[in-house]
Amino acid sequence: MSITSGKLFLVATPIGNLEDLTPRARRTLDESDLVLCEDTRVARRLFGASGPRARLRSLHEHNEQDRAAAVMEALAAGEQVALISDAGTPLISDPGYRVVSTAAEQGYTIVPVPGACAAVAALCAAGLPTDRFAFEGFLPAKAAARRSRLETLAAESRTLIFYESARRLAESLADCASVFGGDRPAVVAREMTKVHEEFVRGSLDEVSAVFAARGSAPKGEVVLLVGGAAPAPAGDDAIRAVLGPLLKELPKSQAVRLAARICDADRRYVYRLALAGDEAGDPGVA
Ligand code: SAM
């Protein structure tokens with residue numbers, strides 16, 4: 001790579017409201033020599049009346065391998081390349097991974113130009129815990145595969161975020177309710193940043209009922225969020241494993257109080273486990 005090597009910019013674009021194109025994103029696109037996009041007609045709307053200075057080239061899953069090679073040539077020639085998707089942050093359930101991983105392997109400079117992302121917009125407005133979350137992209141379209149994916153997530157304690165098509169929303173809500181339980185909290189974020197933006201909040205059963213009552217499938221784009229599973233209470237073995245070493249160092253009442261706090265267990269229950277250990281002649285319990 002020469003010192004005149006180009007740079008690859010990953011530019012986020014609006015998810016509905018064109019005012020969400022940041023000044024830096026606009027300038028980066030205007031200054032680029034080559035812009036990779038999903039649909040060149042959609043991309044043209046991001047440029048002013050005079051149109052793009054850059055060459056616009058389509059990028060999708062079927063041509064990404066070939067495009068990656070062309071992008072490396074452009075970067076080697078010192079060009080500024082921008083990668084965008086139709087909406088939101090590129091690579092997030094959108095093309096671009098191969099291009100970026102190839103550029104990273106070859107040591108080119110990769111510059112994120114952050115902006116809208118439907119998953120993050122939905123999460124921060126949902127009212128569900130945001131400290132830890134799991135972005136799951138799109139669920140499988142086929143019912144059996146979707147249910148088995150959900151089953152792998154049943155014990156996940158982080159807030160779950162799914163992209164979903166409005167057409168399949170009712171089925172996915174029903175599957176989530178049957179796998180996670182209908183009383184798990186859920187939010188559907190629909191048409192964010194657009195005229196008909198709405199957030200439907202409630203339990204999975206309640207959110208399903210809201211959309212069922214409307215009759216037809218909702219219009220537009222949706223993100224589905226589901227609150228994480230409550231942590232499973234610690235089993236007796238786990239409590240004993242914590243309690244044992246504490247009993248060796250501390251008075252029983254103190255050891256019990258600490259073990260109960262660490263295991264998020266009932267103090268009287270932990271005390272009974274400590275007594276049962278005494279009766280079994282096991283002062284260390286574990
Ligand atoms: N890369 C994009 C991003 O950063 O958000 C996501 C692209 S993915 C192909 C499209 C999905 O994002 C839609 O099916 C929907 O789940 C979600 N989405 C995009 N725009 C949205 C909006 N304005 N409101 C709600 N969901 C949206």
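Into which domains is the protein divided? Domain 1 spans 7-116, domain 2 spans 119-226 and domain 3 spans 236-280. The views below come from a predicted model.

**View 1. Domain 1 and domain 2 in contact.** The centres of domain 1 and domain 2, taken over C-alpha atoms, are separated by 29 Å. Domain 1 brings 6 residues to the contact, and domain 2 brings 8 residues.

**View 2. The area buried between domain 1 and domain 2.** The size of an interface is often given as the accessible area lost when the parts come together. Here domain 1 and domain 2 bury about 500 Å² between them. Carbon and sulfur atoms give 63% of that area. On the side of domain 1, the residues that lose the most area to domain 2 are I15, I92 and S93. Together these three account for 75% of what the domain 1 side buries.

**View 3. Polar and charged terms across the interface of domain 1 and domain 2.** How many salt bridges are counted between domain 1 and domain 2? The count is 0. The rule does find 1 residue pair in polar contact across this interface, with both residues at pLDDT 80 or more. Sorted by class, the side of domain 1 that touches domain 2 holds 2 nonpolar, 3 polar and 1 charged residues.

View 4. A disulfide is a covalent bond between the sulfur atoms of two cysteines. Searching the whole structure gives 0 disulfides. For C124, the nearest cysteine sulfur is that of C117, 10 Å away. A pair would need its sulfur atoms within 2.5 Å to count. Is C124 buried or exposed? C124 is exposed, at a relative accessible area of 61%.

**View 5. C176, a buried cysteine.** C176 is also in no disulfide. Its nearest cysteine sulfur belongs to C117 and lies 19 Å away. The relative accessibility of C176 is 0%, so this residue counts as buried. C124, by contrast, is exposed.

Methods
Residues numbered from 1 in each chain as written. Predicted model: local features only at pLDDT ≥ 70, side-chain atom pairs only at ≥ 80, totals over all residues. Heavy atoms only, no water. Domains from an automatic or database assignment. Contact = heavy atoms within 4.5 Å. Buried area = accessible area lost by both parts, 1.4 Å probe. Salt bridge = Lys/Arg side-chain N within 4 Å of Asp/Glu carboxyl O. Polar contact = N/O pair within 3.5 Å; in protein donor to acceptor, adjacent residues only side chain to side chain. Nonpolar A, V, L, I, M, F, W, Y, C, P; charged D, E, K, R; others polar. Buried < 20%, exposed > 50% of the residue type's maximum accessible area, 1.4 Å probe, protein only.
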